[in-house]
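The sequence and structure are shown below.

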Amino acid sequence: MLLQTRHFCAPWPCPTPTTNRKSKLSSFVSLVTPKCSVSNSTHLELSKKPFPAEVSRTIMELARVGTLSTLTHDREGWPLGIGVRFAVDPEEGTPLFFFNHTLTTNNNNIPSSLHVQFEQSGLRTPQCTLQGTLTKPHDPIATERLISLWSKRFGEEVDQDFIYFIAVDRVLHLEDFQEDGVWVTSLDYKNAQPDPLRDFAHNLVSEINTNNMEDITRFCNVYVDLDFQVSEAKIIWVDRLGFDMRLSSPHKGIFEVRIPFPREVTDEKGVKSTFNCMSQMAWEVERNFHPPDFQKVKELKHVKS
């Protein structure tokens with residue numbers, strides 16, 4: 001399955017912010033009229049979330065350490081797992097390593113796996129495991145390129161004799177601990193693109209959770225179809241297609257819900273404008289200033305405790 005860029009239209013109009021709004025957005029949100037188009041399809045699409053291959057590529061770009069498991073040369077069939085630093089080839093997502101000792105053996109094509117996880121806001125830990133063969137590059141040009149990638153990521157000059165990489169055969173993606181995994185083919189993984197918001201997503205989520213708690217709670221009431229009272233709500237993560245929230249109820253438990261953006265965003269300015277637009281719309285709907293001409297999100301996932 002080759003991944004293609006998807007384009008979405010905004011499912012609701014974005015009003016000009018009113019001057020008498022009591023719930024003022026923080027300085028994080030630019031109070032300018034967002035450029036949101038109007039669409040005849042006024043509903044939220046639950047499918048608007050990145051593919052597992054995209055999320056795995058994003059994890060690999062954000063994380064710098066993982067657990068490399070491979071076979072030892074002294075006891076055949078006994079795997080050894082150690083913590084390692086790694087860099088990533090941005091073209092294909094191939095992980096590369098620098099070992100200044102004989103970790104495994106001098107032979108190539110060693111069956112290996114690299115397990116990597118990334119904590120999101122202290123609430124969720126998506127992870128991926130790359131399976132393939134650990135080998136050494138033989139092409140001098142490719143070797144120089146890998147050395148350059150390592151130097152760029154860690155600021156270290158390394159000996160080409162100790163550079164290794166994993167030729168990826170398949171990837172196991174998990175959304176969190178205790179979740180079922182999804183297998184991703186090597187072709188899907190290589191063709192996927194990491195999320196364009198990844199480098200500033202953590203700071204955005206932190207700012208929203210700190211400065212816009214009232215808006216987050218309002219999102220639950222307006223955009224999500226709930227039959228229980230929410231005692232606490234936080235944004236877990238944001239990507240180009242929307243954001244994930246964690247809701248707590250004293251009687252029902254803990255849930256996750258996906259709220260998509262009205263259209264795809266590709267940069268920090270787009271996230272801020274879209275969040276401002278959705279906040280203003282939710283404020284108007286809550287006060288009956290604007291009819292809720294969209295379908296609420298109905299799909300919630302109960303989080304295992």
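In this predicted model, the axes of helix 4 and helix 6 come within 11 Å and cross at roughly 25°. Angles under 35 degrees count as roughly parallel, and helix 4 and helix 6 are therefore roughly parallel to each other. The crossing in which helix 4 passes helix 6 is right-handed. Helix 4 contributes Phe200, Leu204 and Ile208 to the contact, and helix 6 contributes Glu268, Val271, Lys272 and Phe275. Sorted by class, this contact has five nonpolar and two charged residues, with no polar ones.

Across the whole structure, a search finds two cavities of 30 Å³ or more. The largest cavity has a volume of about 60 Å³. Its lining consists of Leu204, Val205, Ile208, Ile235, Val238, Phe243, Phe261, Val271 and Phe275.

Which element gives the largest share of the lining of the largest cavity? That element is helix 4, with three residues. By class, the lining of the largest cavity has nine nonpolar residues, no polar and no charged.

The two topics share residues. Leu204 and Ile208 of helix 4 belong to the helix contact and are also listed in the lining of the largest cavity. Val271 and Phe275 of helix 6 likewise take part in the contact and line the largest cavity.

Key. Residues are numbered from 1 along each chain as its sequence is written. This is a predicted model: local features need pLDDT of at least 70, side-chain atom pairs count only at pLDDT 80 or more; totals for chains, interfaces and linings use all residues. Side-chain values use heavy atoms; hydrogens and water are left out. On a 1 Å grid over the protein atoms alone, a cavity is a set of points where a 1.4 Å probe fits but cannot get out, and a pocket is an open set with protein on both sides within 12 Å along at least five of seven lines; lining residues have an atom within 4 Å of a point. Grid points are joined across faces, edges and corners, and a volume is the space filled by probe spheres set on the points. Helices (H or I, at least four residues) and strands (E, at least two) are DSSP runs, numbered from the N terminus. Ala, Val, Leu, Ile, Met, Phe, Trp, Tyr, Cys and Pro count as nonpolar, Asp, Glu, Lys and Arg as charged, and the others, Gly among them, as polar. Axes are lines fitted to C-alpha atoms, for helices over the stretch in contact, and angles run from 0 to 180 degrees between N-to-C directions. Angles under 35 degrees count as roughly parallel, over 145 as roughly antiparallel, 65 to 115 as roughly perpendicular and the rest as oblique. A crossing is left-handed if the near helix is turned anticlockwise from the far one by less than a right angle, and right-handed if clockwise. Contact means heavy atoms within 4.5 Å.
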